[in-house]
Amino acid sequence: MHIASSAQIWFHPKPNQPGSSPLNDPNAVGSTDFVELFQPNAPWAKVEAHTRVLGLYAGWVTTVSDQVLQETVAFVNAHGMGIEIEAPSLQATAACGSGVEGYVPFGQTVHDFTLTYLQRLKALGAPSPFIKVDEPLFFGSVTNEAGACQWPLSQVATEVGSYVQLVKTVYPNAEVGDVEPIIASVYAPDVVTAIGQWHDTYRAITGAPFPFFFADIDFSNSAWPALVKTMEAGTRQRGMRFGIIYIGDLQDTSDAEWAAKVVARFELYQGPNGGKPDYVLFQSWDPQPQYCLPESDPTTFTGAIDAYIRATTGSGT
């Protein structure tokens, strides 16, 4: 299949370090060869050459060793990549938020946590980052899971706006955008309207729109391609760039199963459904894939991205 696409490729693997993902599961680990990505002559030269942005989790940046972080930043700089950080932007209170994704727990502060990872990156010469705030609408206002705050949109927007201002004290040119789960059944009156209202509220409160928005898709909904295509159009109408996250499923039991789903999903959305995202983000927060390398193996993470490159360039180079 040939896909016409000018989308930037972003690559956000999951480190093999317990507690480093946004879910903060101390037992959850990711790709065993994560740090090997940043070694000389690592076997992903083609994918690396097409990758514009490398994604890192904020929790990993705050806790990884100086040596590994230095190697990672040096690799990014040497290969002309940007950095994307997925990070919490909401402050838990004594009453709610602690233990819920998207919040810094009560007893810690958004201020200190944010400055920790940004200043570590800055000290190593990392480029001005892209930051995805970790689903503040969903976790700040929508979800009814235990401990959730269910704040009004205006309060969530104010919190996120304060976070953006804090980021810009370290990186004045950082772009802080949004990512939200596209789950049809949980938003009122519907997911497209609800996320549109959220983005309008954020712009009204802060005076500027998010520069970009990423769709974190519920792929169990067979209608997802049409739903996301509507989200893509609405995002651009609001002056934001649109990104889509391609991932497998938590239930996958092998790298081959996970990678095959990634390929099927980008073929479906950008093939017959005509999706034209500005950014395609290949990300994992799942146990799979266990291996990022080599790109020549179609079951690895870089192998799945290589399939995208071949589909969009029409060649094997």
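## A tour of the predicted model

Begin with the largest nonpolar core, which has 95 residues. Select Ile85, Tyr163, Phe266 and Phe282, the residues with the most contacts inside this core. Next colour helix α6, which gives the most to the core, with eight residues. This model is predicted. In soluble globular proteins, nonpolar side chains tend to be buried together.

Stay with Ile85 and show its surroundings. Leaving out residues up to four places away in sequence, Ile85 touches Leu56, Ala58, Val61, Tyr117, Leu121, Pro129, Phe130, Ile131 and Lys132.

There is also a second, separate core, made of nine residues. To find this second core, select Val179, Phe212, Phe214 and Tyr279, which are among its members.

**Two packed helices**

Two packed helices are described by the angle between their axes and the distance between the axes. Select residues 110-123, helix α4, together with residues 153-170, helix α6. The axes of α4 and α6 are 10 Å apart and the angle is about 30°. Angles under 35 degrees count as roughly parallel, so α4 and α6 are roughly parallel to each other. Their crossing is right-handed.

Now show the side chains where α4 and α6 meet. From α4, pick Val110, His111, Thr114, Leu115, Tyr117, Leu118, Gln119 and Lys122. From α6, pick Tyr163, Leu166, Val167, Thr169 and Val170. Of the residues in this contact, eight are nonpolar, four are polar and one is charged.

**Backbone stops**

Most residues other than glycine have a negative phi, and most peptide bonds are trans. The remaining stops are exceptions to look for.

Go to Ala188 and Pro189, which are joined by a cis peptide bond with omega of about -5°. Pro189 is in the loop between β7 (175-182) and α7 (191-206).

Then move to Leu293 and Pro294, where the peptide bond is also cis and omega is near -5°. Pro294 sits in the loop between β10 (279-283) and α10 (301-313).

Next select Asn41, in the loop between β1 (8-12) and α1 (45-50). Asn41 is not a glycine, yet its phi is positive, about 65°. Is Asn41 buried or exposed? Its relative accessibility is 77%, so Asn41 counts as exposed.

End at Glu135, in the loop between β6 (130-134) and α5 (136-142). Glu135 is not a glycine either, and its phi is positive at about 50°. With a relative accessibility of 7%, Glu135 counts as buried.

Definitions and conventions: Residues are numbered from 1 along each chain as its sequence is written. This is a predicted model: local features need pLDDT of at least 70, side-chain atom pairs count only at pLDDT 80 or more; totals for chains, interfaces and linings use all residues. Side-chain values use heavy atoms; hydrogens and water are left out. Axes are lines fitted to C-alpha atoms, for helices over the stretch in contact, and angles run from 0 to 180 degrees between N-to-C directions. Helices (H or I, at least four residues) and strands (E, at least two) are DSSP runs, numbered from the N terminus. Angles under 35 degrees count as roughly parallel, over 145 as roughly antiparallel, 65 to 115 as roughly perpendicular and the rest as oblique. A crossing is left-handed if the near helix is turned anticlockwise from the far one by less than a right angle, and right-handed if clockwise. Contact means heavy atoms within 4.5 Å. Ala, Val, Leu, Ile, Met, Phe, Trp, Tyr, Cys and Pro count as nonpolar, Asp, Glu, Lys and Arg as charged, and the others, Gly among them, as polar. A nonpolar core is a set of buried Ala, Val, Leu, Ile, Met, Phe, Trp, Tyr and Cys residues joined through side-chain atoms within 4.5 Å. Buried means under 20% relative accessible area, exposed over 50%, partly exposed in between (1.4 Å probe, protein chains only).
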